[in-house]
Amino acid sequence: MSITLQKLDEHRWLIPRSGGMRVPGILYASERLLKEAGGQEGARQVANVAHLPGIVRHSLAMPDMHWGYGFPIGGVVAFDLDQGIVSPGGVGYDINCGCRLMATRLTAEDVRGRLAELVAALFRDIPSGVGSRGPVRLSAKEERKVLVEGAAWAVAQGFGTAGDLETTEDGGCMAGADPDAVSDRALERGRDQLGTLGSGNHFLEIEVVAEVFDPVAAAAFGLAPGQLCVMIHSGSRGLGYQVCDDYLARMVKHAGKLGLELPDRQLACAPLASGRGREYLAAMACAANYAWANRQMLMHRTRETFEKALGLSPRELGMRLVYDVCHNIAKMEEFPVEGKPVRLCVHRKGATRSFPPGHPALPAAYRPVGQPVLIPGDMGAGSYVLAGTEYAYAETFGSTCHGAGRVMGRTQATKASRGRAIGRELADRGIVVMAAGKGTLREEMPEAYKDLDQVVEVADRAGLSRKVGRLRALGCIKG
Amino acid sequence: MTRYEVFDHTADLGILFEGRDLADLFETAAFAVFDLMTELPAVEERRTHRFIVTGGDREDLLVNFLRELLYLFNGRGFLVRRCAVRIDDAGEPETRSRPAPSEAVSVGSEPVPPQWRLEAEAAGEPFAPDRHRMKTEIKAVTYHGLEIRETTAGWWGRIVCDV
């Protein structure tokens, strides 16, 4: 079945209801991004999601959308709490994969000539790559605490300060976490991976604020041109993958019970009001908390490494958390539906929360300007800081894009980069990169991703979030 | 045993594989997964792991089989050089005498759907970072676009992995 897209305006495309779709789909994209989103395949996945019961208003896709398995990456969908479902595939394997931006008192000038040394120190101190182990091996009892307390556990252990929690989405802790809902396998995998970066597209990047578009919001976020920052992209590691896989297997097994015709088994789900649905949410919250504790520990190690490598006191370095966002998650949040506030279960798979100015979930300092939205680019492209909007709150369940989004497959990228020295090319542009995996640099080459500027431009023009600042990459470590 | 090829699936990795019979097809899929992850010639057969998996149909059985193999690596740090499998046909539900897997207990009095069952023996050794170079880390196998078909030459399969 071919899918016809109707152009609504410059940045919105409608997939009208047809067949078993319960609601229409809406894609946020420019003509160019739409082509890069995988054409029919991408649109079909957005339409497939619209088949799920209890879906509210629309099946949405953000400007960085690319087709994946089951739910598209960049997909946003909300479900009614009584009629709706929760789907592990709609959250993704890496539960609470997300970004964390830290600002320092330093400028790019302060590390000039010492960048290679700094990147090497980070690469040495921060475990990354396949099979890497973290600085602690958790006892069964401690691990349960991590799963319930999230980032606060890490802070209580001395990995950071209480101030870090204030600027973490949801304070770095999701309520309702029940370690009993997490399998022994998942617990085992989580035992020694806390404080590790991971592999694939996960990274830690030293960046500098290159451009400010909204000085008021930038000032509220504590960002100024020339300032040295660090962006971390990581998630819940093997524990999150195992939680997703365990519940996916169970939900596939009992899919027949729901009497649902799923267009793709990867969309397997359970009613939010069912025991299995609630159990998944309790396990997912554990993985989300693990991810927040993980990023908190990564940040702390980064702080220590900077201080040691540059011979600075904590005060001189002044590394503080600007914000931490998750971009693979399902959450209970309140949104206006037909004029009334309604609590819904919002799935964001490769999408970032974008809450408007004045929202009570924001820390006081950010409330006048909206939630910081962190959008990392491909290797070497740097990142954007945006701010949440009223439009997103009203139209996209408070959501926007999450990154550049892949445009080239991994093997395609490996082939396309044949004969090139990607690390050298980046070095020529003044960017120092170190990677644990041999093939990582090729697979993650800049051309494998959509143009970050273009994605962010569409997000800004469509009103999903507004541009605050642009950060340029200086150095990067990858798994 | 090397009859597989990869295809791109944007952020993910697709694998196409062939086998003389269904068991051979599954063995090829197992080989492909570990061949993509590491340089297999460096992996020695020092130990074996035996396991049993079940599935609602052939495709489900394949996913559960590869899940188990990935867990050997991701959860236990064990690299698989070779895997031998034996598959029992699902047959008719009433003729089955096998116990359902423990997880199926939660279905209560409902009829358990026909189960495919597989016994595997995976040979390999613990991952040693100094000797084993990792290539692509395959993190999970998905149901998306999953297909197993009988062909004139034998069997053919397709799977998409999260990497």
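A nonpolar core is a set of buried Ala, Val, Leu, Ile, Met, Phe, Trp, Tyr and Cys residues joined through C-beta atoms within 7 Å. A residue is buried if 20 or more other C-beta atoms, placed from the backbone, lie within 10 Å of its own. This is a predicted model: local features need pLDDT of at least 70, side-chain atom pairs count only at pLDDT 80 or more, and totals for chains, interfaces and linings use all residues. Residues are numbered from 1 along each chain as its sequence is written, and chains are lettered from A in the order in which they are written.

**Core.** Select Leu27(A), Cys229(A), Val243(A), Met284(A), Ala287(A), Ala288(A) and Ala29(B): these have the most contacts inside the largest nonpolar core, which has 210 residues. Next, select residues 275-310 of chain A, helix 12, which gives this core its largest share, 16 residues. Helices (H or I, at least four residues) and strands (E, at least two) are DSSP runs, numbered from the N terminus. Then centre on Ala29(B). Leaving out residues up to four places away in sequence, Ala29(B) touches Ile15(B), Phe17(B), Leu62(B), Leu66(B), Gly157(B) and Ile159(B); touching means C-beta atoms, placed from the backbone, within 7 Å.

**Chain A.** Show chain A as a cartoon: there are 18 helices and 19 strands. Its C-alpha trace spans about 60 × 50 × 50 Å along the principal axes. Of the 479 residues in chain A, 62% are buried.

**Sheet.** Which strand order does the open sheet of seven strands in chain A have? The order is 1-2-3-4-5-13-12, with mixed pairing; strands pair if DSSP finds at least two bridges between them. The edges are strand 1 (6-9) and strand 12 (328-337) of chain A, each pairing on one side only. Select 25-28 and 59-66 of chain A: strand 3 and strand 4 run parallel and are joined by three bridges. Ile26(A) has Leu60(A) of strand 4 as its bridge partner.

**Helix end.** Select 452-461 of chain A, helix 18, where the buried residues include Leu452(A), Val455(A) and Asp460(A). After helix 18 comes Gly463(A), with a positive phi near 90 degrees.

**Contact between chains.** Show both chains: 33 residues of chain B and 35 residues of chain A take part in the contact. Helix 2 (58-74) of chain B is among the elements that supply at least two residues to the chain B side, and helix 2 of chain B gives the most, five residues.

Definitions and conventions: A residue is buried if 20 or more other C-beta atoms lie within 10 Å of its own, exposed if 12 or fewer, and partly exposed in between; C-beta atoms are placed from the backbone. Two residues are in contact if their C-beta atoms, placed from the backbone, lie within 7 Å.
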